[in-house]
Structures are given as structure tokens and as C-alpha cells.
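Here is a friendly walk through one structure, with an eye on its helices and its nonpolar cores. Have a look at the chain first, and then read on.

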Amino acid sequence: MSQMPQLSACPSCEEPLESGDLFCGACGYDLSAVPARPATSPNGAAGTAGRPSEWPDAPEVDSTDTPAPTHLPTDLPGTDSAGTELTEPDEYPLPAPATPAAPAVPGAPAATPVPDATADPRTAAPGAAAPQAAPPAGTALCVACRSGRVDPDGYCENCGHAQPRERDHMEQELDAVAAVSDRGLRHHRNEDAFAISAAALPDGSPAVVAIVCDGVSSATRPDEASLAASRAADESLRAALERGTHPQQAMHDAILAAADAVNALADEPTAAREHSPHQNAPACTLVGAVVAGGLLVIGWVGDSRAYWVPDDRTGPAVRLTEDDSWAAQMVAAGLMNEAEAYADERAHAITGWLGADAYELEPHTASFKPDRAGVVVVCTDGLWNYAEAVEEMARAVPADAAARPLHSAQVLVGHALDGGGHDNVTVAVVPFPCAPQGAGSA
């Protein structure tokens with residue numbers, strides 16, 4: 001049976017102990033847990049408990065009084081941690097002799113000092129930065145670090161920060177129309193596009209054009225489709241109005257021109273279609289407004305909308321378009337009321353669009369002669385999702401919208417972003433001057 005170690009003090013609190021104590025009286029330390037003293041000392045020599053081992057005696061000298069041989073540290077070769085023999089002191093390489101400087105020649109240009117390639121940058125003076133060449137004028141710099149150049153893919157070469165795309169936020173203002181487009185808070189790119197312009201009728205009177213397009217996200221390259229459609233419709237409208245074409249006919253023809261531009265995007269090489277056989281043709285919706293000669297003309301395909309909001313808010317605001325959508329068809333057929341239809345998850349499934357795979361293109365056009373001044377709000381569903389009812393849209397439009405169309409467009413985009421910004425948001429505000437005539441539509 002093992003015996004208890006004899007301790008004079010507690011290993012835990014150093015309280016003096018009595019002979020035969022099993023526990024420390026001060027801290028309760030279990031003295032039986034203290035391991036017994038080993039019979040062998042750490043240097044491998046046998047010893048007795050409580051008494052360290054003695055070093056062996058040195059060998060005695062012989063009768064010639066010659067000391068016994070001893071080992072020196074240099075008698076054994078040293079090795080490093082990898083087992084390689086250490087270099088002897090006389091094997092260390094000597095520094096190369098310095099090359100004497102060439103004598104100075106009178107009139108010769110001073111030699112340019114060559115920087116030491118072995119200089120440790122950590123020994124440089126604090127704050128001394130390596131000189132950098134200034135980027136050429138016009139070079140796009142990173143919006144994050146403000147120093148790195150932006151590569152063609154849109155990323156900073158210095159910090160790697162992705163740069164905002166040109167279409168993430170766009171604003172444009174003319175004398176009588178303004179538009180704003182924003183990527184929103186959830187989408188990775190802006191698939192909306194707009195075009196605003198002014199033209200002159202043959203009699204010299206002004207005409208204002210606003211086109212807004214919304215790319216169909218489930219289709220291929222929707223951002224390209226919306227951009228191509230808006231540009232084609234705008235060019236067609238301006239040319240037709242300047243020739244004297246009736247604004248409603250000009251709007252109809254402009255929608256067809258926009259459709260042709262989007263259809264052309266589907267003409268890809270056969271090899272490209274083989275790599276992506278399940279992609280849809282590029283597609284978008286379109287809504288446009290023309291103010292010319294006291295007439296307001298609206299044209300559309302899809303679910304982008306136009307609203308009329310009078311300056312005098314005592315008069316009624318009106319929605320000028322009817323959606324090409326599943327919800328609108330349910331309401332038109334009398335199968336659901338508007339609230340039920342737009343609450344359905346299929347509500348925003350469009351039934352009309354511009355694109356090569358559209359079922360049948362049916363451009364919608366309508367003309368009006370408002371009897372009072374106001375503004376026309378031309379927008380994508382990224383806005384009207386947060387102001388769907390006419391009354392909600394009228395409340396969101398600033399009271400001075402006719403005088404400050406750009407500010408009003410900015411406010412409306414902000415209204416959508418504050419509401420959640422789940423989609424791209426694009427809105428054009430077109431002031432309509434007072435024309436006291438009767439109203440009609442076609």
C-alpha cells in the first residue's frame with residue numbers, strides 16, 4: 001500500500017501542516033492527491049526521498065599529474081533545428097569589397113543615385129510613402145478609396161470595390177419635362193430606362209416627349225431591351241412630330257419601332273443560343289406621353305402606367321392606362337374586383353410586352369384634352385406598387401410639380417424607396433399647361 005507523502009506545508013495555500021494530516025486545515029486541499037516523490041531524480045541518478053542525488057566524483061589524476069581528459073563543446077559538430085550542420089566561423093562569407101567611386105569629371109552631369117534594392121522598407125522614415133504616378137486626366141477613380149483606377153469590368157484595381165453602374169441612378173431635366181430612374185434597394189442592376197425630349201411641330205409650337213420602359217426580369221438581357229425600346233420610341237416620335245404626323249398616330253408608330261428594336265436583340269448567333277437554349281428573348285414594357293398643341297397622348301404596352309394629377313387638387317386625379325396583366329383581365333372579365341385581383345400572387349403577370357416572343361403586339365393609345373393645368377406622371381410599377389390607387393399617387397405628387405418637375409420626380413422615387421424599393425423605380429413628370437377646351441379620348 002502506498003504511503004502518504006510527508007509534507008511540511010500545503011501545496012495550495014502553503015499553510016503549515018501537522019504529521020498525518022489528510023486535508024489542509026486552511027483551504028481543505030486533499031493531501032492524498034499529492035503524488036509521491038519519485039525514487040529517481042530528474043537527472044536520472046538514484047536518490048533518496050528529501051535528498052537530491054549527488055554528482056559523481058571527478059576522476060583522479062594519475063602518477064604523472066596529467067589531468068583527466070574532458071570534453072569541450074567544440075568536440076561535437078552542432079546542428080540546427082533541421083539537422084543541418086552549422087557553419088564554422090571561418091566559413092562565413094566575407095562582405096564584398098566596396099567599389100571605389102569614379103573621380104568626378106568637371107562639367108559632367110551628376111550621377112543619379114541608384115536605390116538600394118536590399119533596403120528594408122520598415123526602416124523608412126515615418127510617413128514617407130512611395131511616390132505614385134498621377135493617373136492621366138479623365139481616368140475613372142474608385143468611389144471608395146478615391147485612388148485606384150476602375151477596370152473595364154467595373155471594379156477598383158486597388159481595393160476591389162465594385163463601382164456604381166451608370167444606370168444605377170439617372171436623372172435628366174429639360175425645360176418642360178424631367179425623369180429619374182433608380183436601381184432600387186433589392187435589385188442588383190437597373191433594368192428600367194427612359195427617354196425625354198422636345199420637338200417642334202411644323203407650325204413652330206413645342207412638343208414634349210416622355211418614354212419609360214421596364215425590362216422583364218424573367219427574360220434575357222432586360223436592361224438592354226428597355227434601353228433599346230426607349231431610344232427607338234423617342235427617335236421615332238420626334239421625327240414623326242416634326243413631319244406633322246398626328247401625335248396619336250406618331251405614338252402608335254413609335255411603339256412598333258420600339259418593338260422592332262427589342263426584337264432585333266433576339267437575333268443572336270446560333271452558337272450563343274446553343275450555350276443558353278432555355279433563355280427567353282429580351283423583353284420590356286413601355287409607356288409614353290406626348291404633350292403637343294393642347295393635346296395629351298398616351299401610349300403603352302404592358303403594366304407601366306400614366307396618371308393625370310391636376311394642379312388644383314380639388315379636381316379628380318385619373319389613371320390614364322389599363323394594365324396588360326392577369327389582374328386587369330380578371331377585373332375586366334368580372335371574375336374579381338380590383339382589390340381581390342391585385343392581392344393575388346399572379347396579379348403582376350403581364351399579358352402584353354415588347355419582344356420577339358410576345359403573343360400579339362397590340363399598342364394602346366389614347367388622347368385627352370384636359371380642361372385645367374396639371375402634370376402627367378409616367379412610371380413603372382416600381383413606383384405605382386407603393387401608390388397604386390389614384391388618390392395615393394395624387395398625395396405623393398408635390399403640389400408644385402408643374403413648376404419643379406425634376407424635384408417632383410425625385411420625390412416620387414424617394415417615396416418608392418422609402419416604401420421598400422423592391423423593384424427598379426423610374427418616373428417622368430410632364431407638366432401640362434392650361435388649355436380650356438373640352439376633353440375627349442380615342
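Helix 1 has 22 residues, and at 1.5 Å a residue they should span 32 Å; the C-alpha atoms at its ends are 32 Å apart, so the two values agree. Keep in mind that this is a predicted model. Just past the end of helix 1, Gly244 adopts a positive phi of about 100 degrees.

How do helix 1 and helix 2 pack, and at what angle? Their axes lie 7 Å apart, at an angle of about 145 degrees, and the crossing is right-handed. Here are some of the residues that make the contact:

| Helix | Residue range | Contact residues, including |
|---|---|---|
| Helix 1 | residues 222-243 | Ala225, Ala229, Ala232, Ser236, Leu237 |
| Helix 2 | residues 247-264 | Pro247, Met251, Asp253, Ala257, Val262 |

By class, this contact has 16 nonpolar residues, one polar and one charged.

## The nonpolar cores

Which residues touch the most other members of the largest nonpolar core? Among its 31 residues, they are Val377, Cys379, Leu383, Met393, Val397, Leu412 and Val427. Helix 8 (residues 405-419) is the biggest contributor to this core, giving five residues.

Cys379 is worth a visit in your viewer. Leaving aside residues up to four places away in sequence, Cys379 touches Val212, Val287, Ser304, Arg305, Tyr307, Trp384, Met393, Thr426 and Val427. Another core, of 30 residues, lies apart from the largest one, and its members include Ala207, Ala232, Ala240 and Cys284.

Terms used:
Residues numbered from 1 in each chain as written. Predicted model: local features only at pLDDT ≥ 70, side-chain atom pairs only at ≥ 80, totals over all residues. Heavy atoms only, no water. Core = buried A, V, L, I, M, F, W, Y, C linked by side-chain atoms within 4.5 Å. Buried < 20%, exposed > 50% of the residue type's maximum accessible area, 1.4 Å probe, protein only. Helix = DSSP H or I, 4+ residues; strand = E, 2+ residues; numbered from the N terminus. Contact = heavy atoms within 4.5 Å. Axes fitted to C-alpha atoms, helices over the stretch in contact; angles between N-to-C directions. Left-handed = near helix turned anticlockwise from the far one by under 90°. Nonpolar A, V, L, I, M, F, W, Y, C, P; charged D, E, K, R; others polar. Expected span 1.5 Å × (residues − 1).
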